[in-house]
Amino acid sequence: MVVLVFVLGLVLPLIQRAHTSAGVGFQFASYIDDYMVLQKEPAGAVIWGYGISGATVTVTLCQDQEIIMKKVTHVKAYSNSWMVVLDPMKPGGPYEVMAQQTFGKMNLTLRVHDVLFGDVWLCSGQSNMQMTVLQIFNATRELSNTTAYQSVRILSVSLIQAEQELEDLAEVDLRWSKPTSENLGHGKFEYMSAVCWLFGRYLYDTLRYPIGLISSSWGGTPIEAWSSGRSLKACGVHRQGFIPSDSVTGPSEYSVLWNAMIHPLSNMTLKGVIWYQGESNVNFNRDLYNCTFPALIEDWRQTFHHGSQGQTERLFPFGFVQLSSVLAGAVSNDQLPQIRWHQTADFGYVPNLRMPNTFMAVAMDLGDRNSPFGSVHPRDKQTVAYRLHLGARAVAYGEKQLIFQGPLPEKIELLADKGLLNIRSHVVMTISASGFQFL
């Protein structure tokens, strides 16, 4: 918990926090807390918060009582916010971050401890991203496997909607924490995201340095709720009065989750994003998904790059899960293939010209007819996360000679006289969490 030597307190409605944060005194942004992971080199991590207009704020990074660096800034008059960008740091820790506000004769000090530097990944989407470790195959074993992963830190954003873009999170379900069986399996569709956790765990096994994971997802939500008004306008998406209830069970108002659960994180320096969403667009604006998804990626990239003062890469890596199979007969045969195709901007593969620096995990072979959560929610999240981590190693980390994609056609030949369509491709095989698999 943040230690505050002196606070001027004022209780305000959560939804107004972005506009009235100065009223609660000197503070860090909501997600700057004990046990957090900050983005390592070559980027600089952003530290920010709120204070008294015109006050001087000094941010100090320490390790074992030794000062590593100091950064000085002032609280802006129009927003009552302050921000510094730390010098790039090598992975590791722990460190202490201290912020001191000076205004006349008044001095206030904030501290957060056990801070690590590593790679920070944001995980977002709907219910398949929201499913917790408690709900997946081999849950008991997975929940007990945390001892070796205390440098993989987790944060879960609360389910909040807002009509306007918030500057800071109104609430968090799980503050930055070390993983435990309790916070990984808190409940069903609560926290912590299984795909997010397993993805980070696989990355840690390869990279061997700290990983920060932020889960911000909400089941039954269409992409329009996660998109800014700008990106929706670019795709010609107009508000509709009726949204089919069978495909959208969560918040459906346009931009309300972007406003409350994504935009407040945009000052943070990120390594990348993974995304698992699309089921709620099978019957809603499906034909626009080939525009709305690439537009969301582009808009998130632009916003996080700008919000982090250019520290988050302009084309940061963006991974996603191609939708799995629904085996209960609830969706007609042609709808899922269409949305899968649109997930790639109608190229059939990624990266592509419209979706550069992206990677995809195929999941159509992981259908789970007996899932107690419905076949739309397959329990094999280990293979999904493993495939995502392979894509990240290739695209985000530039690992060469790594097979992370399935076979792509090299030549298509129609043999009309024989009634045959000959497709020649390079067949590849990769190792998954459950052994050798053809992709």
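# Disulfides, a buried glutamate and aromatic pairs

W121 and F199 are both buried, where buried denotes under 20% relative accessible area, exposed over 50%, and partly exposed the range in between, with a 1.4 Å probe and protein chains only. The model is predicted, so local features require pLDDT of at least 70 and side-chain atom pairs count only at pLDDT 80 or more, while totals for chains, interfaces and linings use all residues. Residues are numbered from 1 along each chain as its sequence is written, and side-chain values use heavy atoms, with hydrogens and water left out. Helices (H or I, at least four residues) and strands (E, at least two) are DSSP runs numbered from the N terminus.

**Aromatic pairs around W121**

- The structure contains 21 aromatic pairs; rings of Phe, Tyr and Trp (its six-membered ring) pair if their centres lie within 6.5 Å, and planes under 30 degrees apart count as stacked, over 60 as edge-to-face and the rest as tilted.
- One of these is the edge-to-face pair of W121 and F199, with 5.1 Å from centre to centre and 80° between the planes.
- This pair links distant parts of the chain, since W121 belongs to strand β9 and F199 to helix α5, 78 residues apart.
- W121 also pairs with F359: the ring centres are 6.4 Å apart and the planes lie at 75°, so this pair is edge-to-face.
- Here too distant parts of the chain are linked, with W121 in strand β9 and F359 in strand β15 (residues 358-361), 238 residues apart.
- W121 counts as buried because its relative accessibility is 0%, and F359 is buried with a relative accessible area of 1%.

**Aromatic cluster**

- Ring pairs join W226, W258, W275, Y289, F293, W300, F318 and F320 into a cluster.

**Disulfide C123-C196**

- Two disulfides are found in a search of the whole structure, a disulfide being a pair of cysteine sulfur atoms within 2.5 Å.
- C123 is joined to C196 with an S to S distance of 2.1 Å.
- The link of C123 and C196 is right-handed, with 65° about the S-S bond.
- It connects distant parts of the chain: C123 is in strand β9 (residues 106-125) and C196 in helix α5 (residues 194-207), 73 residues apart.
- C123 is buried, at a relative accessible area of 0%, and C196 likewise counts as buried at 0% relative accessibility.

**Disulfide C235-C291**

- C235 is joined to C291, also with an S to S distance of 2.1 Å.
- The link of C235 and C291 is left-handed, with -85° about the S-S bond.
- C235 lies in the loop between α6 (229-234) and α7 (256-262) and C291 in helix α8 (residues 289-307), so the pair ties together parts that are 56 residues apart in sequence.
- C235 is buried, with a relative accessible area of 11%, whereas C291 is partly exposed at 22%.
- With bonded cysteines counted along the chain, the disulfides follow the pattern 1-2, 3-4.

**Buried glutamate E279**

- E279 occupies the loop between β13 (272-276) and α8.
- E279 is buried yet has no salt bridge, and the nearest side chain of opposite charge, K381, is 7.5 Å away.
- A salt bridge is a side-chain nitrogen of Lys or Arg within 4 Å of a carboxyl oxygen of Asp or Glu; for charge, Lys and Arg count as positive and Asp and Glu as negative, with His and the chain ends not counted.
- The side chain of E279 makes a polar contact with that of N128 at 2.7 Å (N or O atoms within 3.5 Å; within protein, one must be able to donate a hydrogen and the other to accept it, and residues adjacent in sequence count only if both atoms are side-chain atoms).
- Apart from neighbours within four places in sequence, E279 is in contact (heavy atoms within 4.5 Å) with Q126, N128, S247, L323 and V376.
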